[in-house]
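Let's take a walk through this structure together, moving from its overall layout to a few local details. Please keep the sequence and the 3D view open as you read.

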Amino acid sequence: MKYENLIIGSGLFGLSIARELLNKGEKVCIIDRYSDPNESSVNALGRIDPILGGAGHGNETKPIEVAKKSLEAYKKFISLNDQFKESIEFEIKPTIHFYNEENHYQAINELIEIIDNDRIFFSIEKKDYSKKIHFLPNKNFKYHSIFNGTIFINSKKFRSTLFEECNNKGLMSITDEIKGIERLNEGIKLVSKNKEYLTERLIVAAGPWSNQILGDLSDINIFPSKGQIIKLFDQNNSFTEFHLHGPCSVVKKRDGLIWVAATVEDMGFDKKITSEAAKELIQKATLLYDGIDKFPIHSQTACLRPSILDDLPAITQISNDQIYLASGGGGWGIMMSIMVGELMTELFK
Ligand SMILES: Cc1cc2nc3c(=O)[nH]c(=O)nc-3n(C[C@H](O)[C@H](O)[C@H](O)COP(=O)(O)OP(=O)(O)OC[C@H]3O[C@@H](n4cnc5c(N)ncnc54)[C@H](O)[C@@H]3O)c2cc1C
């Protein structure tokens, strides 16, 4: 049997492409090594925001090219229908952004000016500590601003909703781990431990593992960046409705838990959770919210961002014989994923 389209990886990148192809009436088979994957598409914070940089990454704003591309993705989330939004726990939360250098406000304001000149989606307002919000710690940051426009979604539900939608449109899915590929005259051969698959078109969307599958065929540097998240119970339902953004991101999501995100670690493909990361995250969160260390821990997760140097995803053809790559969303892959299917299928024209 020869498949028309084979996608490796049923994370959000793979599913976004599957959905687009199925909508065009093509036959699609997706292969993942797990029947119920638990990688970054399932564990991400789910922040959709083209303006503010990654919490704790040292950058106040996203690079301009990333911001412009992300705005397109942001608009797609905004225009989802109400039912879909509800299924992915879509919400827009005001952010309190903490900083020490006055020019950071300027940088954010300027980026809003460039990508959203009419302030349709975003705004930022400078605050000072004379108008103190009760939970704000006193001395840790010189300034804070209220930033409006940040979307949060539940990435796990986004993935399962997409998967269900694709299934209803005839997606074929296989659980198997692909070890490598071979190019033959009659098509592209995928090899797993016990099986072989032949396809006309191959799309590798295996997150940070994509290069392991492509081997020498790809010279695009996609590398794993480990991120850990701590979730806390809000037993008295007393936590703020603001998203707190500074050395980390702290937000109470619609699952009722307070998410503290995320570490950025260079640990290769190691996905173990560590007590050091838990300590680091709680210490950083305490700078943003007095007494957060008293909230009991619910759980901790660790997963790997498929990262790439310029932070823009690589949606590209790898070779003339119909091998494609879709990976490298870095810390913005949930946001970018909503555009990936369209960007990929444009390459097939
Ligand atoms: C802590 C953390 C927080 C984040 N927060 C945000 C956020 O707030 N906003 C945002 O936009 N992004 C965020 N991200 C980034 C986002 O999660 C990722 O960029 C995105 O999920 C990547 O999706 P993907 O489909 O490319 O990869 P993955 O989700 O990693 O999916 C790849 C799939 O390929 C499968 N696979 C791998 N190798 C093989 C193989 N050999 N054979 C078969 N299957 C294979 C895996 O099992 C997996 O299911 C965060 C990431 C982390 C780690």
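How many residues of domain 1 are in contact with residues of domain 2? Before answering, please bear in mind that this is a predicted model. In it, 12 residues of domain 1 are in contact with 6 residues of domain 2. On the side of domain 1 that touches domain 2, those residues divide into 1 nonpolar, 10 polar and 1 charged.

Now turn to the ligand. Both domain 1 and domain 2 give residues to the shell around the ligand, so the ligand lies between them. That shell holds 41 residues, and the closest are G9, G11, G207, G227 and G333. Several elements each supply at least two residues of the shell: the helices α1 (12–23), α2 (40–43) and α9 (333–346), and the strands β2 (28–32), β11 (223–232) and β15 (297–307). Sorted by class, the shell has 21 nonpolar, 14 polar and 6 charged residues.

In soluble globular proteins, nonpolar side chains tend to be buried together. Here the largest nonpolar core has 83 residues, and those with the most contacts inside it are I17, A18, V260 and A326. The largest share of this core, 7 residues, comes from α1. The core draws at least three residues from each of domain 1 and domain 2. To see the packing around one of these residues, select A18: leaving aside neighbours within four places in sequence, A18 is in contact with I7, V28, I30, C166 and L171.

Start at β8 (residues 178–184), which pairs with β9 (residues 187–192) in the antiparallel sense over 6 bridges. These two strands form a hairpin with 2 residues between them, and within the pairing G180 has V191 as its bridge partner in β9. A second hairpin then joins β9 to β10 through 3 residues. The pairing of β9 and β10 is again antiparallel, over 4 bridges, and K189 finds its bridge partner in L198 of β10.

Strand β10 (residues 196–204) also takes part in parallel pairings. With β1 (residues 2–8) it runs parallel, and 6 bridges join the two; in this pairing Y3 is partnered by T199. With β17 the sense is parallel too, over 3 bridges, and there V204 has L325 as its bridge partner.

Next come some backbone details. Most residues other than glycine have a negative phi, and most peptide bonds are trans. With that in mind, look at N237, whose phi is near 50°, a positive value in a residue other than glycine. N237 sits in the loop between β11 and β12, and it counts as exposed because it has 7 C-beta neighbours inside 10 Å.

Is T240, in contrast to an exposed residue, buried or not exposed at all? T240 is buried, with 20 other C-beta atoms within 10 Å. Its place is in the loop between β11 and β12 (243–245). The C-alpha atoms of T240 and I258 are separated by 9.6 Å, although the two residues are 18 residues apart along the chain.

Q322 has a positive phi as well, near 70°, and is a residue other than glycine. You will find Q322 in the loop between β16 (314–319) and β17 (323–327). With 17 other C-beta atoms within 10 Å, Q322 is partly exposed.

One last stop is a peptide bond. A261 and A262 are joined by a cis peptide bond, with omega about -10°. A262 lies in the loop between β14 (258–261) and α8 (275–288).

How values were computed: Residues numbered from 1 in each chain as written. Predicted model: local features only at pLDDT ≥ 70, side-chain atom pairs only at ≥ 80, totals over all residues. Pairing = 2+ DSSP bridges. Contact = placed C-beta atoms within 7 Å. Nonpolar A, V, L, I, M, F, W, Y, C, P; charged D, E, K, R; others polar. Near = placed C-beta within 6 Å. Domains from an automatic or database assignment. Core = buried A, V, L, I, M, F, W, Y, C linked by C-beta atoms within 7 Å. Buried ≥ 20, exposed ≤ 12 C-beta atoms within 10 Å, placed from the backbone.
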